[in-house]
Amino acid sequence: MDGEDCSFPADSSDGHSQRGSVASSATLSRAQDVLVYLCGDSAVHLTVEGLGSVSVQELGRSVRETLHIPETAQDAFALWLSSPLLELQLKARHQPYKLCRQWQDLLYRFTEASEEDISQDEPCLQYRRNVYYPKSKELQIEDDEVVLRLLYEEARGNILMGRYPCDPEHWTTLGALSLAIDEGTGLDGQQITTTIRGKKLSSFLPVHVAMGSGGLLSTLRGKSSRQTGLEQNLFEEYRKISSPAGNSPEPTQLLHQYLNTCHNLPYYGCAFFGGEIDKPVQGILQRAKRKAVNVGICLEGVYVMDVKEKHVLLGLHFNELSWDHSYPEEQGDSHILWLEFDGDEDGTPVNKLLKIYSKQFCVELRSASEGGAAAEIDGEVGAHQQPGGQDGNNKNGRGGRRGMLRRQSSVVCSRVHSLNTISYVDNGKEIKRLKPKRAASFFTRQVSATTYSAATYSAVQVTESLEQG
């Protein structure tokens, strides 16, 4: 989104928070202070001349020089404009000051936030992982502690916030590694307990795990017992990391262990946007409701995650899906991203459609040189999601044999049976909706785990009947 292509709102310097990254002073020809935030709430302090026209490329160079980022890892990071309402990765040609000046306009275009929330929202400039950067290259970073620590802080934040859902064995290992990275590997039992209670469990474990479900029905005794159990698990995992005196692991080794564990999560490195999906209707008289989701897009695929339950609802590689989107036709309608993927209905191979309600279709998916797809914030206002791994001869991008998606105990695995999807088959002439034998039967049975050769369908074509489905 090129700042020079949009008119700027009037200057409103009054009442800006202390966290603002870019000053709104009219005297932009003089040297101005700029804060570029790092994950973990530390920041790089820069003094910039000509702030109104300085580009991301110039600012990025200054940040890399300040942090001593080696040339071999300069592509690992990018500048982002981030707020609680919207996160945008910037291109080299963008001018952050101008984008900050039109931030409210971007929020109106790409979010469903209220006018009050939009008026109070303010972005900060962040130096974060580049969503284009492949994990294969990241694994080649060996002993550069500065780079590894930057990647670690971002991954840790996503784990603690629940953006990267993970299973108990993973979050306990990551929490113990975090404790070792922050405090060293030589703590005894009492020191570990004191440290954990001083910093709180939420500094090492995901917040939803550390805090529990809570509520009025949770007794203080039960909560205390649960906290003690989590502390004990963290202590036991920490002891596995600890080594005899004089043989402790190096900081870079611990950072590598943390990141390598995160690399096993398929959505590591994703760019995220918020949205909603339809909940399955449980009865004839029940009104349709929606569920809040996070949608993660990375080089490998697309992942839809339950915001409340912190688990994956649907995870697909780009060769397993087709996509389309529709704009609202009337006032009150929603922007919809449609994901089409292969499924099974009473033993019959079908295509399934998942509707995701969101205006944040500003993430562009393109073919990558490694055969996957790359994700980046597009440069034009009003841009939408583009297909990954597609060409003119194979619009849907699917092929080959693969196992059916099925529910498992892990939070990482898809829960297709819990989704309110549209199912249809191709009868050779037209796309036809599949009518289940019994009302709501699709939502009450486990999905079959049979394997079949995926039929070839054209990319999803949204019609009025499908949108109403």
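Leaving aside its neighbours within four places in sequence, which residues is R156 in contact with? In this predicted model, the partners of R156 are S178, D182, S203, F204 and Y258. R156 sits in helix α6, which covers residues 145-161. Its relative accessibility is 12%, so R156 counts as buried.

**The chain as a whole**

The protein chain has 469 residues, and 49% of them are buried. It contains twelve helices and 18 strands. Among the contacts with a separation of 6 or more, 64% join residues 24 or more positions apart. The accessible surface of the chain is about 23,400 Å², and carbon and sulfur atoms account for 47% of that surface.

**Y258 and helix α11**

One of the contact partners of R156 is Y258. Y258 is also one of the buried residues of helix α11, along with T252, L254, L255, L259, T261, C262 and H263. Helix α11 spans residues 251-263, which is 13 residues. From its first C-alpha to its last, α11 reaches 18 Å, close to the 18 Å expected at 1.5 Å a residue.

With neighbours within four places in sequence left aside, Y258 is in contact with Y152, A155, R156, I159, L174, L177, S178 and I181.

**Nonpolar cores**

The largest nonpolar core has 75 residues. Within this core, V36, Y127 and Y258 touch the most other members. Another core lies apart from it and has 20 residues, including V295, L316, W323 and L419.

**Cysteines and buried residues**

How many disulfides does the structure hold? The number is zero. A disulfide is a covalent bond between the sulfur atoms of two cysteines. The sulfur of C270 has its closest cysteine sulfur in C298, at 3.7 Å, which is too far for a bond. The cut-off for a disulfide is 2.5 Å between the sulfur atoms.

| Residue | Relative accessibility | Class |
|---|---|---|
| C270 | 8% | buried |
| C298 | 2% | buried |

Why do these residues count as buried? Buried means under 20% relative accessible area, so C270 at 8% falls in that class, and so does C298 at 2%.

Terms used
Residues numbered from 1 in each chain as written. Predicted model: local features only at pLDDT ≥ 70, side-chain atom pairs only at ≥ 80, totals over all residues. Heavy atoms only, no water. Core = buried A, V, L, I, M, F, W, Y, C linked by side-chain atoms within 4.5 Å. Buried < 20%, exposed > 50% of the residue type's maximum accessible area, 1.4 Å probe, protein only. Contact = heavy atoms within 4.5 Å. Helix = DSSP H or I, 4+ residues; strand = E, 2+ residues; numbered from the N terminus. Areas by Shrake-Rupley, 256 points an atom, 1.4 Å probe, with all protein chains shown as cover. Expected span 1.5 Å × (residues − 1).
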